[in-house]
2 protein chains.
Amino acid sequence: MITGVILAGGQSRRMRGRTKALLPFPKKPLIQLQLEEMSKCCDEILVITSDRRTFEPVIKDIARIVPDIHPGLGPLGGLVTAMNHCSGEFIWLVGCDMPFISSSAAIVMHNTLKMTQAEAIVPIEEGMVHPLHAVYRARSKSVGERILAEQKFSMMAFLSAIDWLDAPPSYFEQHHIPFKFTVNMNTPSEYEQALPTTASSLRFQRDTLTVAEAQSKIAPFIGSSEEEKINLTESFGRYLAQDIFATQDVPHFRRSGYDGYAVRAIDTQGASHEVPVQLQVIETIACGSVPKRVLTPNTAARIMTGAAVPEGADAVIMLEMTDSAELPAGLKVQIKKEMKTGDNITPIGQEIRQGTAVIASGNYIHAGTAALLATFGYMDVPVYQRPKVAIFATGSELLEVRSALEKGKIRNSNSYMIAAQVKAAGGHPFIMDVLRDDAAAVKKAVLAALEQYDMVITTGGVSVGDYDIMVDLFDSWEGRLLFNKIAMRPGSPTSVGIHNGKLLFALSGNPSAGFVGFELFVRPVIAGMLGGTEAFPRLITASLAADFTKPSPYPRYVRGVYRMDEGKVWVEPIGPDKSSVTVSLLDATCLIVIPAGGRGLRFGDQVQFIAIQHN
Amino acid sequence: MITGVILAGGQSRRMRGRTKALLPFPKKPLIQLQLEEMSKCCDEILVITSDRRTFEPVIKDIARIVPDIHPGLGPLGGLVTAMNHCSGEFIWLVGCDMPFISSSAAIVMHNTLKMTQAEAIVPIEEGMVHPLHAVYRARSKSVGERILAEQKFSMMAFLSAIDWLDAPPSYFEQHHIPFKFTVNMNTPSEYEQALPTTASSLRFQRDTLTVAEAQSKIAPFIGSSEEEKINLTESFGRYLAQDIFATQDVPHFRRSGYDGYAVRAIDTQGASHEVPVQLQVIETIACGSVPKRVLTPNTAARIMTGAAVPEGADAVIMLEMTDSAELPAGLKVQIKKEMKTGDNITPIGQEIRQGTAVIASGNYIHAGTAALLATFGYMDVPVYQRPKVAIFATGSELLEVRSALEKGKIRNSNSYMIAAQVKAAGGHPFIMDVLRDDAAAVKKAVLAALEQYDMVITTGGVSVGDYDIMVDLFDSWEGRLLFNKIAMRPGSPTSVGIHNGKLLFALSGNPSAGFVGFELFVRPVIAGMLGGTEAFPRLITASLAADFTKPSPYPRYVRGVYRMDEGKVWVEPIGPDKSSVTVSLLDATCLIVIPAGGRGLRFGDQVQFIAIQHN
């Protein structure tokens, strides 16, 4: 009997915090693929993780979740945990980031191991040992625990303490098992390389994904843009690329809250309107000037709002509470109120303590951000570079904007629409020459742009007509197609691929479909590159302000307007009533999500929408 | 008995559509001032206007509103209307844009006129006749009506038909009446000149205005920015300075809605899956290509989505409804559905007709706008120039951002906060050198900036401390102070002045007060200069998501966040819980308006808020 063990405790740092076990591969979460493979030879499967909540919904009752008894101690801690919990003698250990684990390899290793007295059998290739995807005897747990107790945490430390067999590629070749089961994916680029390449023709064979599934296919490839430093005055509207810390206390001196007099509270005891206390004024402290004298008993200093309180003083009294007739020689002031220690003085650091993280990386730089950056002396501001986005329109029918019209042709408007969306999202748009219907030229131009820019967007050429050149490109290129059909209207043929870490978005040529495709799939990527944490657009609930009687077998993203009225949120479609697709984009402030099926919606029904950020 | 008559029918074109009669002068609506003056000598007052709704709330029962019986025919039409409706013999006629009308002048003119047989008495100065602010006999109405019937509409035409007396300045001087009652205000600049100059010292004598009153003082001076033409790709985020018209029909040719075949509907009669009709394919029409042949009976043309439908064809059938086996020599197609004339063809101009105004001046240029501009060939886009805004911080305590801290001093953060607000509003910020506490230098710098920029903003120096230099400036300059105290917190000493048509905003130096002052008073001006129609920020109703127990004698503008949740709008203050004023600006997405008085507000109470546009 073999117990399959998946180690799912890692932090996925290099995968930018995404849970590697849940990456789609190519359609299912990776761990599901592994569980299916393990089920072929294992009577029992354990998933070692401290994150039960994340895994339970995916694993269901196929495997048992066992909390790591040595969390943070790496694979050896996980293996020892498994040895403590398994029911049988043998453990097939794998990492959760290995897409090609092989039950055939596990079976042959198990067969070999049980014929010997060795404690483990481990694949080895060109001197590289692969303790993940190896088979162990559960009885060596005491050795493992000793090694951990000795503060040695590496698998190699464990292996050097036991007797183990090595299984080279030739061993597996004998059994016709290709030696690729040790592949793991630590980075998005390793993930991209591991994904299957495009099937030979996807033109008419398309898997339909939901919008959420399609977004989850893109998510692993959202990287961070590079950092650059720019002048504070140029930084408005950009995104911070570093956490910003308070370089000082605020205030950094004891600050007067009012125009008035700095006093010693003790001197004002018993003061009232009827019986004022009289103090000698020894100094006037303007904003920005440094007090020169220390208050001694029965003295006061005239002080302005925001100025530094002099030593000796422990309260400030408002001008209105004193006799404004300080005039007689300007030396005396009548105090008409008893003050307490600390009155109207802001202590050092009360607002912000030096060293506090005040603004997190990824924040948009607006007026409040700018004020804080200035306060802490950040005249050179670390911001994310604007992602450079190449934009191609495709189609021989397209004219330049300056051209006179010709029959059958229209001016290229999509490139400008998408460029405006790119700019609004925080990217830097580059409008490229229109791609005509020449497959080789298209491929050359798109691949060159993928080299030079951070991502590429095309519009048109994605459906299945004779001249749909983007379909041809995805059929013939070396990159990976992530998806090419989405259960939504408009924009169902929206296709996205990845090539050397760069995303290629092939949006529909229909203007509203291109618009929707951008908002759902491209904007989140740009936002993520700029440090955004909430990648995909938030769905907001509202009441429908008009009937929408057109049922649809697919979810629809309908252009609409939302408004906040008398405390309630309302949305209203503007698409169907407007004659022109493009004109309705003028006024749209949201995309209303109309779910699939049903018999249409009525006034007052609850729906969800995505707000469009025009800027 | 004299009947006072105010002509309030004009279109106020030169005053940018504002109702001149309602301009504040300096605190009350101008017409209210006129009614008070007329009440001194008139037993009856008529206001001639076609806009009862606007005037009724201001006029109440002090005067009678009489609809112009000759609307659009100018003052003479109004005078004849008044002659038809007045109860007495004499009419004192004035225009609604005259701030200095004089009952004394009316009385002496009336006394003179009634001793003669003349029909009118009219002031005259250096050859200039002033038929508005003159006294007429009601009996000449038949003459007036005859002149109008002769299609002569000028007051001079009327005067030349009657016997009238002229009243030169010397006539009024005899009665010690200054000859300034004929002044009228056609333009914002004439309005500015007519406003009273700053009182000698406003330091401690401030009239408190409501926020709405203060906004209405600024409104008459909101002009339009100049126009410039820029490239479409540079125009995103700017504001259109002209109405945009469709330069062509959309579509401008009969457009196919599908991939399929263009056919003659008549040829498809009786076609079905079982009994298809077979047609000869004579051409393939790609997008952008021009059909070369005319469909004759029993022929069809292969056609792509968006391509031009050939002459002779009157329907397009989807590819899916044909036998895809067009293969045998590629010449025949099986049609499996009966088509109707017009099926799947978009007629010329169906979406947009040539000449339609598609985008109004003042619109923000976003993705949808860009698409339409491109469609209609607008590669050079008329936009409003960004208003140039000079920003001064005041105060000797301010350090440059790059400076090391010194005791008692802080870095200048307000200038950068305001600059970010200016940019977000669509303006072009210019950060000027900090103004130290030297009154002469401040005045020189601010006046020079008012010459060179479209407006000037200062922060700090507006309250009544010893070093409040903006107060000194308003005391001593040649401009007009519009207000210097507002019933609101924060920002009550916010002051605004006008000098040679340029606005000077003196905001509070407290960061949150400066922020609020900008949003309430400056942003609307920039928005108006960029063609915005809804000048002052819209108040939105929401439920309070937390108690706000601090009552205030003034309306408060509290920094908060709003959210749309389960179809409802919620707001929550973030100010009071945050230690630092500036830090709470980081997260604020709105200003919650807490009304004056009351005993604080509770969770769930309805409040109003202003959304902050950070970009």
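**Two chains and their interface**

Hi everyone, let's start where the chains meet: across the interface of chain B and chain A, the rule finds 18 residue pairs in polar contact, both residues at pLDDT 80 or more. A polar contact is a pair of N or O atoms within 3.5 Å; within protein, one must be able to donate a hydrogen and the other to accept it, and residues adjacent in sequence count only if both atoms are side-chain atoms.

On chain B, helix α10 (residues 367-375) gives the most to the side that touches chain A, with 8 residues. Helices here are DSSP runs of H or I with at least four residues, and strands are runs of E with at least two, numbered from the N terminus. Sorted by class, that side of chain B has 39 nonpolar, 28 polar and 15 charged residues. Nonpolar covers Ala, Val, Leu, Ile, Met, Phe, Trp, Tyr, Cys and Pro; charged covers Asp, Glu, Lys and Arg; the others, Gly among them, are polar.

A word on the source: this is a predicted model, where local features need pLDDT of at least 70, side-chain atom pairs count only at pLDDT 80 or more, and totals for chains, interfaces and linings use all residues. Residues are numbered from 1 along each chain as its sequence is written, chains are lettered from A and ligands numbered from 1 in the order in which they are written, and side-chain values use heavy atoms, leaving out hydrogens and water.

How many residues does the contact take from each chain? There are 82 from chain B and 81 from chain A, with contact meaning heavy atoms within 4.5 Å. The rule also finds 2 salt bridges across this interface, each a side-chain nitrogen of Lys or Arg within 4 Å of a carboxyl oxygen of Asp or Glu. In a salt bridge, B:Arg402 meets A:Asp380 at 2.9 Å, N to O.

Now, is B:His499 buried or exposed? B:His499 is buried, because its relative accessible area is 15%, and buried means under 20%, exposed over 50%, partly exposed in between (1.4 Å probe, protein chains only). B:His499 sits in strand β26 (residues 495-499) of chain B. Leaving aside neighbours within four places in sequence, its contacts include B:Glu192, B:Leu447 and B:Trp477.

Over on chain A, A:Gln215 lies in helix α9 (residues 211-218). A:Gln215 has 10% relative accessibility, so it counts as buried too. Not counting residues up to four places away in sequence, A:Gln215 touches A:Leu520, A:Phe521, A:Phe536 and A:Pro537.
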